[in-house]
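Hello,

Here is the structure I promised to pass on to you.

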Amino acid sequence: MGWVRGERELGKGEAGQASRATIASDADGSDTIAAVATAIAPGQGSVAIVRISGPQAEAIGARLFRAPGQQVWESHRVLYGHVVDPATGEPVDEALLLLMRAPRSFTRETVVELHGHGGLVAVQRVLELVLAAGARRALPGEFSQRAFLNGRLDLTRAEAISELVTARSRRAAQLAMAGLDGGLHRRIAALRGQLLDQLAELEARVDFEEDLPPLDGAGVVAALTAVRQELEQLVAEARQGALLREGLRVAIVGRPNVGKSSLLNRLSRRERAIVTDLPGTTRDLLESELVLEGVPLTLLDTAGIRPTDDAVEQLGIARSREALAAADAVVLVFDLVAGWTAADAELRALVPEGVPLLLVGNKADLVENLDAADVAADVAAGPDGPAVPRPDVAISALTGAGSDALVQALLRRCGAADVQGVQVALNARQRDLAARAAAALGGSLEAAAQQLPWDFWTIDLRAAVRCLGEITGEEVSEAVLDRVFARFCIGK
């Protein structure tokens with residue numbers, strides 16, 4: 001079991017703490033768990049699956065399932081029949097049963113799946129009968145956790161399952177599949193193996209230097225430097241991967257009637273917001289989710305921020321300010337016909353420091369005899385007085401002119417323009433561990449630069465090895481497993 005092996009290597013137990021990992025591994029997995037393994041909703045979904053895993057799974061299936069005729073009950077064969085209430089003999093659902101005897105299953109335990117009708121009532125009745133027959137309700141991610149504890153998956157593959165389920169774009173799903181196929185594990189395991197080779201050479205010199213040939217210190221430094229550089233590259237790519245997985249919340253702000261709602265409708269390609277010539281039409285925060293160039297975006301159409309005595313509009317403006325403070329990026333829209341105003345400057349000052357900001361000049365179609373570049377130059381010139389900022393993009397939300405340029409400029413401003421080249425990406429937990437490993441290698445290289453004895457080199461090198469082992473699950477505690485699998489959905 002991964003966490004046990006890790007704790008022996010690290011010498012750090014989590015004694016005395018009840019945890020999900022303890023529940024899953026008690027008595028070598030002697031309990032049987034069950035959960036609905038498919039999404040269910042009223043009137044939605046044609047098929048629902050109740051998954052059972054553990055030593056009593058087959059017995060529970062045999063007790064609840066009636067297969068007519070001479071169907072053969074054997075592993076990896078689908079049976080047709082009915083789920084029945086054993087107390088009354090009442091049929092609960094027409095279903096298929098799939099038996100997968102250990103170790104030829106996802107969890108490497110005996111698994112039974114009951115495939116019945118979707119919806120709410122039927123599948124919940126089946127689950128209740130399974131639990132009454134002796135199974136325990138599974139915790140979030142407990143099936144995947146058992147697969148990990150039983151050696152079916154390493155930790156990177158287990159996490160990739162969750163990322164695949166929650167993917168919000170095709171590129172995010174492709175990244176998850178790269179992890180599920182073992183690409184990330186192979187890359188991290190190779191780096192860890194290189195560090196272990198160097199650690200073994202250093203430790204041998206600490207204990208038996210007189211009996212061994214001299215160690216090439218420069219070669220060790222070169223090897224550690226190469227691993228550190230690759231880890232730093234992985235950390236950089238992880239930031240791009242986070243954009244594909246988590247997306248961006250983009251607040252569209254501006255004075256009333258500058259075209260924020262028209263821009264939202266243009267980008268989302270549907271009439272999500274009401275558009276009129278009257279200022280203050282948007283009274284509340286509107287959200288639209290879409291994927292642009294592979295990056296999931298949540299566009300927030302905010303109420304125009306201005307002084308007003310309208311109580312409802314005041315609430316909308318308050319929410320707009322909150323959205324502005326919490327956004328990953330801000331698109332500030334202003335009217336090219338009216339030009340840059342003091343109110344626009346006040347809005348720009350509200351954008352938190354460090355948040356990517358894109359200035360968009362709208363209504364370019366109403367500015368006669370000027371193309372987008374001329375409009376930008378004209379607006380930048382401004383009237384007499386303070387300098388007026390040049391818009392990043394000039395568009396017409398009405399006609400769509402400039403919208404493609406806006407998308408590209410927004411992605412560049414957020415650092416999301418090059419995400420298509422990312423093939424393998426660490427998640428947040430893995431990224432933090434890789435960054436810690438790279439920092440630890442920096443400590444080893446510093447010891448080398450100061451020409452300290454070999455044992456000083458090994459201190460931080462050991463820490464780097466532990467961090468990479470925690471990514472793959474070779475060195476991981478129960479507490480870490482609790483945090484990782486608690487983020488999974490129930491049934492996975």
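**What I found**

The protein chain holds 17 helices and 13 strands; helices (H or I, at least four residues) and strands (E, at least two) are DSSP runs, numbered from the N terminus. Please keep in mind that this is a predicted model, in which local features need pLDDT of at least 70 and side-chain atom pairs count only at pLDDT 80 or more, while totals for chains, interfaces and linings use all residues. Residues are numbered from 1 along each chain as its sequence is written, and side-chain values use heavy atoms, with hydrogens and water left out.

First, the chain as a whole. Of its 492 residues, 49% count as buried. Buried means under 20% relative accessible area, exposed means over 50%, and partly exposed lies in between (1.4 Å probe, protein chains only). The accessible surface is about 23100 Å², and 52% of that belongs to carbon and sulfur atoms; such areas come from the Shrake-Rupley method with a 1.4 Å probe, and for residues only the protein chains shown count as cover. Among contacts (heavy atoms within 4.5 Å) between residues at least 6 apart in sequence, 69% join residues at least 24 apart.

Seven strands make an open sheet with mixed pairing, in the order 3-4-5-6-2-1-7. Its edge strands, strand 3 (65–66) and strand 7 (136–137), each pair on one side only. Two strands pair if DSSP finds at least two bridges between them. Strand 6 (residues 111–117) is mostly covered, with five of its seven residues buried. Strand 2 (residues 47–53) runs antiparallel to strand 6 and is joined to it by seven bridges. Strand 5 also pairs with strand 6 in the antiparallel sense, over five bridges.

A62, in helix 3 (residues 57–64), is 50 residues from V112 in sequence and 9.7 Å away in space, C-alpha to C-alpha. A62 counts as partly exposed because its relative accessibility is 41%.

L96 lies in strand 5 (residues 91–100) and counts as partly exposed, at 36% relative accessibility. Together with V78 and Y80, L96 makes a nonpolar surface patch of about 250 Å². Patches are made of residues with over 30% relative accessible area and no salt bridge; like charges are joined within 9 Å, and nonpolar side chains (Val, Leu, Ile, Met, Phe, Trp, Tyr) within 5 Å. A salt bridge is a side-chain nitrogen of Lys or Arg within 4 Å of a carboxyl oxygen of Asp or Glu.

Finally, the cores. A nonpolar core is a set of buried Ala, Val, Leu, Ile, Met, Phe, Trp, Tyr and Cys residues joined through side-chain atoms within 4.5 Å. The largest has 34 residues, and L195, L231, L441 and L468 have the most contacts inside it. Helix 8 (183–208), helix 9 (217–246), helix 15 (428–449) and helix 16 (454–472) each supply at least two residues of this core, and helix 15 gives the most, with nine. Leaving aside neighbours within four places in sequence, L441 touches L195, L224, V227, R228, L231, L461 and A464. A second, separate core has 30 residues, among them V258, L263, V360 and A409.

Best wishes
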